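I opened the model to look up a few features one at a time. These are my entries, in the order I made them.

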Amino acid sequence: MQSLRELQRAFCAATLFGDTTALASLELVGGSLQAGARIEVYRNNILGNYRKALAATYPVVRRLVGESFFSAAVEHFVLGHPSTRGDVNRYGGEFAMFLASYAPARDLAYLPDVARLEWAIDQANIAADAAPIDVDALAGVPIAAQGSLRFTLHPSVRLVVSAYPILRIWRVNQPDSVGEDRVDLGEGGDALLVRRGSGGVSIERLGEGERALLAALAANTTLADATAGATEAEPGFDLAAALRRHVAGQTIVGFLAPPPARGKRT
Amino acid sequence: MPATQLPVSAGIGLRAPHLTQIRTERPAIGWLEVHSENYFVDGGPALAALDAIRSDYAVSLHGVGLSLGSADALDRAHLSKLKRLADRIEPAAVSEHLCWGHVDGRHLNDLLPLPFTEEALEILCDRIDKVQAALGRAILVENVSAYLRFGCDAMAEWEFVASVASRTGCKLLFDVNNVYVNAVNHGFDPRAYLEAIPASAVAEIHLAGFDASGACLIDNHGSRAAPPVWALYRESIERFGPKPTLIEWDTEIPALDVLLDEAAKAQRMLEACDAIAA
């Protein structure tokens, strides 16, 4: 007799991969319905669950390609990318990478970046909450120590960079979007900050300097080095204004001052 | 102080489209059930909403992904997320399914049928013991719908289900719709099922609709419970006594009023059953 593991392996092979030898080994019994039709019910349920989960995470990708293209893409994706969690809500992080090499999507060069943006939104929505920065403590950091500060970004912060205007693509494909829905792919790329605030997840465009600054801070670089990078990316970059904005908007939620300077981690 | 037991009344499954309305209107409903995995998050609006709901209603955490019947080892990462959520929410009940969902580390993310063998029973009971030890409480386990049966079955489904409860001390979440669907799909008398289940083990009942458009009944939670399911529900509470009863709806989710109407129907039957018993 098959062990439970053998039976479960055979079930998986029969449902996902249409393995007829595996199906025969299950010795399905009873009823008027043939074994193949019974296993097909499960195949449809399983793929349907993944389709629903990915449609919830990637509504704009789905809208851009249409239902039947999306379903076929999900099926290909599922076979090559085994789910590793019992929580299907978190499935599909590699969908953007998959789309980049999915032949039928070859002509939609912007599609993987739209998927990356949607994944970032999904992740931002479930990231940990964080208290705002301790502004008084930050103000108390001696000027000489400021360059050595390292900032902590809100756990929801994601930076998404694309050579395509993905924010406009995303916006005109929202269910409540009205008006012009054509986007000129030649209008230039986007550097986007995705984060969750009190009003939910927001997406905003970043200038070259801000983009370099936040990417450096996210990589735990000191403020001095991050500033140098930002100024190089954008001559005349207004550091003070950018810091004020991202502290007030809680993109930056904590800092670490170097010893022996006074200061504290928040 | 959070309720540690579900009230013996009718509740509904809380789904995202109804969240705002429930929070603002606070309908008179006995309790709410949520899918545990939808709150396996570090923070954000969903968890905040559940915290708020929790202060108004008894909440049941109903898991769909722990895969108690997999030959693979118990998924400890999943269990620790469930424990973190249970510690935070202090639910009135924690339930899971009598099924499997992963093999060799590959998850299929569905409620898959087990063979009714001694080996499967032992594995299932071992996993339930471990989950109950980790959570520090008895869990409820639900009988699932099945669209096939295995040739290696060594016992009837109801013997298998009753054994799980007697061996582990866990409680049963008796899904009347799933019993009916399986009775039709596999040709047995649902009364035989009822008679095999000890009343004291049943801690909750589920009611839902099925899809009869195909060659076998599919448990799709996409409509009102069918008349024969209501009849079987009446027989169930006559046999088990009144039990906390949940209306589940997961596909083509209708207006909240439809769910509340179904719950009111279950509530009337619970009260009628109570009156007869009294």
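A residue is buried if 20 or more other C-beta atoms lie within 10 Å of its own, and exposed if 12 or fewer do. I note also that this is a predicted model.

**Entry 1: a helix in chain A**

I began with helix α11 of chain A, residues 208-218. By the cut-off above, I find A:Gly209, A:Glu210, A:Arg211, A:Ala212, A:Leu213, A:Leu214, A:Ala216 and A:Leu217 buried in α11(A). That makes 8 of the 11 residues of α11(A), so the helix is largely enclosed by the rest of the structure.

What do these buried residues pack against? I list β2 (150-153), β3, β4, α12 (223-233) and α13 (239-248), which belong to chain A. The helix α11(A) lies across β3 and β4 of chain A, and runs at about 135 degrees to β3(A). Just after α11(A), I looked up the phi of A:Asn220, which is positive at about 70 degrees.

**Entry 2: the sheet beside that helix**

Next I traced the sheet in chain A. It is open and has 3 strands in the order β3-β4-β5, with antiparallel pairing. Strands β3 (158-162) and β5 (200-205) of chain A each have a single partner strand, so one side of each has no neighbour in the sheet. From one strand to the next, the twist averages 20 degrees.

I then took one pair by itself. Strand β4 of chain A covers residues 190-197, and β3(A) pairs with β4(A) over 5 bridges in the antiparallel sense. Opposite A:Arg158 I find A:Val194 in β4(A). As a reminder to myself, strands of a sheet pair through backbone hydrogen bonds, either parallel or antiparallel.

**Entry 3: a parallel pair in chain B**

For a parallel example I turned to chain B. Strand β1 (residues 10-13) of chain B pairs with β2(B) in the parallel sense, over 2 bridges. B:Gly13 stands opposite B:Glu33 in β2(B). I also checked how covered β2(B) is: 4 of its 5 residues are buried.

**Entry 4: two residues with positive phi**

I looked up B:Arg26, which is not a glycine but has a positive phi of about 40 degrees. Its place is the loop between α1 (19-25) and β2 (31-35) of chain B. Is B:Arg26 buried or exposed? It has 11 C-beta neighbours inside 10 Å, so it counts as exposed.

B:Glu252, again not a glycine, has a positive phi of about 50 degrees. I located B:Glu252 in the loop between β11 (245-247) and α9 (256-277) of chain B. With 10 other C-beta atoms within 10 Å, B:Glu252 is exposed.

I followed helix α3 (residues 76-89) and helix α4 (residues 118-135), both of chain B; their axes come within 10 Å and cross at roughly 40 degrees. The crossing of α3(B) and α4(B) is right-handed.

Which residues meet there? From α3(B) I noted B:Leu79, B:Lys83 and B:Ala86, and from α4(B) I noted B:Val131, B:Ala134 and B:Leu135. Sorted by class, this contact has 5 nonpolar residues, no polar ones and 1 charged.

**Entry 5: the largest nonpolar core**

The largest nonpolar core has 148 residues, and B:Val164, B:Leu172 and B:Leu207 touch the most other members. Helix α7 (residues 111-126) of chain A gives the most to this core, with 9 residues.

I picked B:Leu207 and looked up what it touches, leaving out residues up to four places away in sequence. Among them are B:Val176, B:Ala225, B:Val229, B:Tyr233, B:Leu246 and B:Ile247.

**Entry 6: where the two chains touch**

Last, I looked at the contact, which takes 43 residues from chain B and 42 residues from chain A. On the side of chain B, at least two residues each come from β5 (100-103), β6 (106-112), α4, β8 (149-150) and α6 (176-186). Of the elements of chain B, β6(B) gives the most to this side, with 6 residues. By class, I find 19 nonpolar, 16 polar and 8 charged residues on the side of chain B that touches chain A.

A pair of strands also joins the chains: β1 (residues 28-29) of chain A and β8(B) pair in the antiparallel sense over 2 bridges. The bridge partner of A:Leu28 in β8(B) is B:Phe150.

Methods: Residues numbered from 1 in each chain as written. Chains lettered and ligands numbered in written order. Predicted model: local features only at pLDDT ≥ 70, side-chain atom pairs only at ≥ 80, totals over all residues. Axes fitted to C-alpha atoms, helices over the stretch in contact; angles between N-to-C directions. Left-handed = near helix turned anticlockwise from the far one by under 90°. Contact = placed C-beta atoms within 7 Å. Nonpolar A, V, L, I, M, F, W, Y, C, P; charged D, E, K, R; others polar. Pairing = 2+ DSSP bridges. Core = buried A, V, L, I, M, F, W, Y, C linked by C-beta atoms within 7 Å.
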